[in-house]
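Welcome! Please take a moment to look over the sequence and the 3D view, then follow the briefing below.

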Amino acid sequence: MTTRYNLPPRFPKPAPIKEPGPLPKRSLLSRENLLLLLFIVAVALMPVLPTPELWITQLNYIGLASLVALGLVLLTGVGNLTSFGQAAFVGLGAYSTAYLSTRYGLSPWIGLLVGLLITAICAYLIGLLTMRMSGFYLPVATIAWGLSLYHLFGIQEFLGKNDGIGDIPSLNFFGATLNSGREIYYLIWLAVILAIFAIRNLLNSRPGRAIRALRGGGVMAEAMGVNTGWMKVVIFVFAAILASISGFLYAHLQHMVNPTPFDLTYSIKYLFMAVIGGIGQVWGAVIGAGVLTALEEGLKRILPELLGSQGNYEIIVFGLMLVLLLQYARFGIWSFIRKWFPPPPTALAPAHADELPKREKPAAGELVLDVRAVRKQFGGLVAVNDVSFQVNAGEIIGLIGPNGAGKSTTFNLITGVLDASAGEVLYRGERISNLPSRAIVRRGVGRTFQHVQLLPRMTVLENVALGAHLRGDFAPQGGVLASILRLNRAEEEKLLFEASQQLERVGLGEYRYLEAGNLALGQQRILEIARALCCDPALLLLDEPAAGLRYQEKQALAALLNKLKGEGMSILLVEHDMDFVMNLTDRLVVMEFGTKIAEGVPHEVQQNPAVLEAYLGGVE
């Protein structure tokens, strides 16, 4: 039986890449920036106005708690890593400056630097051990080391055991001695405002996109070149440093420290603050710290009078409040406020920018991918059974077969998601089998996924820019500080311009500032192709790229793939739409039950008896 296909054998040439359309301009007076300005003005005026001393004291504690909660917004809200040990890092900062300034008479600012160094080292070592964990293991591990540090403070003779350290000197800031709470107030809130700017700058950068990608799962992020393990350690250390700064300021506000404020209860309270305010939002940390601190003070006075007995009844109220918020407002109080302060797009593509460097494409006919007798076993199940095939430069190869044939598993073996049980995969003569995904994409292998993997709350532009993570002047692991200080603005323009160009290339340019989760499924698949193209690949692996596309969209996709083929790119695709595959590919590899059963040009494969029996329904 010969199967006939109705698609035209030739597809129209793709339209030339257009210049990006009109881009929205970031206004200095946007509602979000207006909120920030009003916040700074209100903070600045509080000590000047006839504000009661109790209010100033409360605001100081809110500021100190905000610093810790801001770290948890980055760590837990954005990075999806739960920590119940942040109070211990507050203790490291407090005890470092307390010990050095009272025992050796050193400047508190030296104590700050030493405290930050100790905290960073401890957080780095703890992070290496615990940030690889997932599920409930990570929170349990953070409880363990949090309790360990807390008890360490209370048993050390040189730290005063449970009595702690007293007579801590006041801070001297540019000649002014900060003796009282009103005098240290500005320093505390200056630290909070700088932390807000630092986190905003970080999240709106290439490392920030990598951090946000942690919430979407490690497989996609690693396939774009993100070292997810390293990024987890980075944000863990960053959050610990913010907590240490809070501890430093606390010590010089109180003029004494003891272990009590650094136990597990306070760590839970900091996490409550972040969740109640809005765990994924910078402003949520400040709102949560303010609400919880003010409520705690009020409830401590009111509840014992109402109930006629003493006790920490406010904890019960906090628990009920948290349950209700998780039930009816999972994104916290800020989710209600942000309706009046909608944020502008976090990343805007410039109309023009210098191009990113591009890798040299393989010569025509060069062997790009060589899969040699690759096998993958899961226990006694052989998912891929000694499969071999090759892909040359400027060639489109289709990998087809029934559901469960092992096609996606083969993709995952090539791209490093899975390790091969036997055999090897060579890319341009270099063995890449069993390398991590980020090492393979660095060599020039881009991919999409069978089930769309994107970050739905990030814009289309930012999702695509994630594909360029390994491109640019700053090393991906060394660009964090540059991002915080906004030293990488020129590079950001290049990355975002590249992402914008790729969106125009695939026909999604007009959607660049829409949240990716609002796209239709077919458009999301095209977005994944644009993201893979941002990696500047020489070999492109597409897993069911035409699924969910309409007829005209499939024609446009085929035209794009033919254009990429003409530019020398090699393409390996898995697809179930036989009309699409037969008219597009140069050769087909057919799999069944993990084994290759046929290979050849489309018209030969469609007449192969084994293929007709296994895949096309049998011979009539």
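**A loop residue and the wider picture**

Glu 510 sits in the loop that links helix 18 (489-506) to helix 19 (521-533). The model you are looking at is predicted. With that starting point in mind, here is a tour by topic.

**Glu 510**

- Glu 510 counts as exposed because its relative accessibility is 69%, and the cut-off for exposed is over 50%.
- Between the C-alpha atoms of Glu 510 and Leu 295 there are 46 Å, and the two residues are 215 residues apart along the chain.

**The whole chain**

- The protein chain contains 23 helices and 12 strands.
- Along the principal axes, a box of roughly 90 × 55 × 50 Å holds the C-alpha atoms of the protein chain.
- The protein chain has 620 residues, and 54% of them count as buried.
- Among contacts in the protein chain with a separation of 6 or more, 77% come from residues 24 or more positions apart.

**Surface and charge**

- The protein chain has an accessible surface of about 26,900 Å², and carbon and sulfur atoms account for 60% of that surface.
- There are 51 positive and 47 negative side chains in the protein chain, and the centres of these two sets are 2 Å apart.
- A nonpolar patch on the surface is made up of Leu 34, Leu 37, Leu 38, Val 41, Leu 45 and Leu 49, which together have about 510 Å² of accessible area.
- One of the patch residues, Leu 49, is placed in the loop between helix 1 (31-45) and helix 2 (53-78).

- Setting aside neighbours within four places in sequence, Asn 60 is in contact with Gly 181, Ile 184, Tyr 185, Ile 188, Trp 189 and Leu 253.
- Lys 269 belongs to helix 10 (residues 264-277), and at 11% relative accessibility Lys 269 counts as buried too.
- Which residues does Lys 269 contact, leaving aside its neighbours within four places in sequence? Lys 269 is in contact with Leu 292 and Glu 296.
- From C-alpha to C-alpha, Lys 269 and Phe 318 are 9.1 Å apart in space, while in sequence they are 49 residues apart.

Conventions
Residues are numbered from 1 along each chain as its sequence is written. This is a predicted model: local features need pLDDT of at least 70, side-chain atom pairs count only at pLDDT 80 or more; totals for chains, interfaces and linings use all residues. Side-chain values use heavy atoms; hydrogens and water are left out. Helices (H or I, at least four residues) and strands (E, at least two) are DSSP runs, numbered from the N terminus. Buried means under 20% relative accessible area, exposed over 50%, partly exposed in between (1.4 Å probe, protein chains only). Contact means heavy atoms within 4.5 Å. Accessible areas come from the Shrake-Rupley method with a 1.4 Å probe; for residues, only the protein chains shown count as cover. Lys and Arg count as positive and Asp and Glu as negative; His and the chain ends are not counted. The place of a charge is taken as NZ of Lys, CZ of Arg, CG of Asp or CD of Glu. Patches are made of residues with over 30% relative accessible area and no salt bridge: like charges are joined within 9 Å, nonpolar side chains (Val, Leu, Ile, Met, Phe, Trp, Tyr) within 5 Å. A salt bridge is a side-chain nitrogen of Lys or Arg within 4 Å of a carboxyl oxygen of Asp or Glu.
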